Amino acid sequence: MNFTASSRQQQGTSASRRLRREAKVPGILYGNNKAAEMIALDHNELYYNLQKEKFHSSILTMTLDGVEQLVVLRAFQMHPYKNQVLHADFQRIDPNSTVTMRVPLHFFGGENSPAVRISKGFISHLVSFVELSCLPKDLPEYIDVDESGMTALDTLRVADLKLPVNVTAVNPEQTIATVTTISDEDAAAATGDAS
């Protein structure tokens, strides 16, 4: 994903307020053994980009004063009740160095699994993302999680996921999904309580 930014000289509360009145968002760009830079971003472009899942979990291309560089979004601040972005932090990325990023999980197939169809259970998703480590060029946009084979006794861990080549999980033992089943006695008790 590409977006643009410009350098800004002035900082402080009043300068930030002035920027926001001009439909700009103050931000900071840091990392990769270079000095931190104060930047300004177009509010509407940033606001709509923040609605996209991949803007939070991808290596981005920022064009800053005409020069492209690889960055990741590290933090942003929203107004408490307005649809307004107040500040954004970006980190420079070295294309030849390993990065650690939170990548979203896309669950599918659970409704057709033996856990749901046969055991009448339901699958609980304990996390919606996983931390992965890899070179920027290898970073996936998301990870598919196929739940179609889950049974009543299954627990799905990060280590069970099919990760792309050259991508490793930071915490392979982390549980991402479990199955909860209701026994016949519990179901009868629940029905009895309801009547």
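**Strands, rings and a pocket**

Trainee: Which residue in β9 is the bridge partner of methionine 101?

Mentor: Leucine 132 is the bridge partner of methionine 101 in β9. Bear in mind that this is a predicted model.

Trainee: How many bridges join β7 to β9, and do they run parallel or antiparallel?

Mentor: There are 6 bridges between β7 and strand β9, residues 129-134. The two run antiparallel.

Trainee: And β7 to β10, parallel or antiparallel?

Mentor: Those two run parallel, joined by 4 bridges. Strand β10 covers residues 143-146. For a landmark, take phenylalanine 107, whose bridge partner in β10 is valine 145.

Trainee: What order do the strands take in that sheet?

Mentor: The order is β10-β7-β9-β12. It is an open sheet of 4 strands with mixed pairing.

Trainee: Which are the edge strands?

Mentor: β10 and β12, the latter being residues 168-169. Each of them pairs on one side only.

Trainee: What holds paired strands to each other in general?

Mentor: Strands of a sheet pair through backbone hydrogen bonds, in either the parallel or the antiparallel sense.

Trainee: New topic. How many aromatic pairs does the structure hold?

Mentor: It holds 4 aromatic pairs. Start with phenylalanine 3 and phenylalanine 55: their ring centres are 5.6 Å apart and their planes stand at 70°, so this pair is edge-to-face.

Trainee: Where do phenylalanine 3 and phenylalanine 55 sit in the chain?

Mentor: Phenylalanine 3 is in strand β1, residues 2-7. Phenylalanine 55 is in helix α3, residues 53-57.

Trainee: Are phenylalanine 3 and phenylalanine 55 buried or exposed?

Mentor: Both are buried. Phenylalanine 3 also pairs with phenylalanine 90: the ring centres are 5.1 Å apart and the planes are at 35°, so that pair is tilted.

Trainee: Where is phenylalanine 90?

Mentor: In strand β6, residues 85-92. Phenylalanine 3 and phenylalanine 90 are 87 residues apart, and again the pair links distant parts of the chain.

Trainee: Why do phenylalanine 3 and phenylalanine 90 count as buried?

Mentor: The cut-off is under 20% relative accessible area. Phenylalanine 3 counts as buried because its relative accessibility is 2%. Phenylalanine 90 has a relative accessible area of 0%, so it is buried too. Ring pairs link Phe3, Phe55 and Phe90 into a cluster.

Trainee: What sits over the ring of phenylalanine 129?

Mentor: The charged end of arginine 102, 3.6 Å from the ring centre. Arg102 and Phe129 are also among the residues nearest the centre of the largest pocket.

Trainee: How many residues line the largest pocket, and which others lie nearest its centre?

Mentor: 13 residues line it. Glu53, His56 and Ser57 join Arg102 and Phe129 nearest the centre. The space in the pocket is about 280 Å³.

Trainee: Which elements each supply at least two residues of the lining?

Mentor: α3, β5 (67-78) and β7 (99-108). By class, the lining has 7 nonpolar, 3 polar and 3 charged residues.

Trainee: Back to strands. How many residues of β4 are buried?

Mentor: 4 of its 5 residues are buried, so strand β4 (residues 60-64) is mostly covered. β4 pairs with β1 in the parallel sense over 4 bridges. Asparagine 2 stands opposite threonine 61 there.

Trainee: In which sense do β4 and β5 pair, parallel or antiparallel?

Mentor: Antiparallel, over 5 bridges. Methionine 62 has glutamine 69 as its bridge partner in β5. The hairpin of β4 and β5 has 2 residues between the strands, and aspartate 65 in that hairpin takes a positive phi near 50°.

Trainee: Where are asparagine 32 and lysine 120 found?

Mentor: Both are in loops. Asparagine 32 lies between β2 (24-31) and β3 (34-42). It is partly exposed, with a relative accessible area of 31%. Lysine 120 lies between α4 (114-117) and β8 (122-125). With a relative accessible area of 60%, lysine 120 is exposed.

Methods:
Residues are numbered from 1 along each chain as its sequence is written. This is a predicted model: local features need pLDDT of at least 70, side-chain atom pairs count only at pLDDT 80 or more; totals for chains, interfaces and linings use all residues. Side-chain values use heavy atoms; hydrogens and water are left out. Rings of Phe, Tyr and Trp (its six-membered ring) pair if their centres lie within 6.5 Å; planes under 30 degrees apart count as stacked, over 60 as edge-to-face and the rest as tilted. Buried means under 20% relative accessible area, exposed over 50%, partly exposed in between (1.4 Å probe, protein chains only). A charge sits over a ring if NZ of Lys or CZ of Arg is within 6 Å of the ring centre and within 35 degrees of the ring normal. On a 1 Å grid over the protein atoms alone, a cavity is a set of points where a 1.4 Å probe fits but cannot get out, and a pocket is an open set with protein on both sides within 12 Å along at least five of seven lines; lining residues have an atom within 4 Å of a point. Grid points are joined across faces, edges and corners, and a volume is the space filled by probe spheres set on the points. Ala, Val, Leu, Ile, Met, Phe, Trp, Tyr, Cys and Pro count as nonpolar, Asp, Glu, Lys and Arg as charged, and the others, Gly among them, as polar. Two strands pair if DSSP finds at least two bridges between them.
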